[in-house]
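I opened the notebook for a look at aromatic rings and the charges around them.

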Amino acid sequence: LFPMREALASQPPLDKARFEALGRRLWASREGDKVYHHVAMYNGQELLYEQKFEAKWVVGSGTHGFSYLDEDQGFVIQTPISYYTINNMWGLSPGFEAGTIHGRPVIGLCLQCHANGLKIVPEVSNKFAPGVFDGHAIGCERCHGPGEPHVRERERGDPVEALYDTSTVNPARLPWRERDGVCMQCHLQGRVRVLRAGRGLMDFRPGLPYEQFFNVFVAENAGQEGKTVGHFEEMRRSKCFQST
């Protein structure tokens, strides 16, 4: 996840970001360091309406493609325009249909896997404080836990009294269930992921049991569907995992 102003140089040309879908015309435009996505409906040559999104954030590394997010009064919206690297083309964002052509609300559970942190407004579901994100691309602490103790001890020059540095989490040294929990944060989608009572979306810390924070309901055939986000289910079905 990157702010558009930081990702402009890596973005595909916008001159081909013009297509028709679901009875609308869609295109992208640029004004300085800002990019806008447009959705319009015409009756012949008569413009019936036009909707304009600002693509404030870019989601994706570009290996498979890019999608884009806008924000309105603390609520995050996915725009209907995405870029698909494999086809070298712009098109309708994944899963969009007539009911979401005007922007799809993005919930905190989705943003949790794409951003380092979220400025959650706890009183309102899926609303965020100004700026929305507390860090953009996934940072070190998501897999290694809070870094402040580690930095403080190393700056003081404290001796490492154990066999290894315990001021930060090394997933390789965790028991296998807790180690899996580090990956489950983003790589276990399941059918439904439910936050446990009394927990916040960003409360999980590496080294703690993941099931203390989320209940994840997985289908019987999980890992056989070839879904984009099904890595953990696929790993659990592997001969390697089942033989250990």
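Are phenylalanine 204 and phenylalanine 213 buried or exposed? I find both buried (under 20% relative accessible area, exposed being over 50% and partly exposed in between, with a 1.4 Å probe and protein chains only). Their ring centres lie 5.6 Å apart with planes at 85°, so I log the pair as edge-to-face. Rings of Phe, Tyr and Trp (its six-membered ring) pair if their centres lie within 6.5 Å; planes under 30 degrees apart are stacked, over 60 edge-to-face, the rest tilted.

The model is predicted; local features need pLDDT of at least 70, side-chain atom pairs count only at pLDDT 80 or more, and totals for chains, interfaces and linings use all residues. Residues are numbered from 1 along each chain as its sequence is written, and side-chain values use heavy atoms, without hydrogens and water.

Next I checked tyrosine 210 and phenylalanine 214. Their centres are 5.4 Å apart and their planes at 20°, so this pair is stacked. Both residues are buried. Ring pairs join Phe204, Tyr210, Phe213 and Phe214 into a cluster. I count seven aromatic pairs in the structure.

Then I looked for charges over rings (NZ of Lys or CZ of Arg within 6 Å of the ring centre and within 35 degrees of the ring normal). Arginine 193 puts its charged end over the ring of phenylalanine 214, 5.5 Å from the centre. Arginine 25 lies over the face of tyrosine 42, 3.9 Å from the ring centre.

Last, the whole chain. Of its 244 residues, 36% are buried. The C-alpha atoms fill a box of roughly 75 × 45 × 35 Å along the principal axes.
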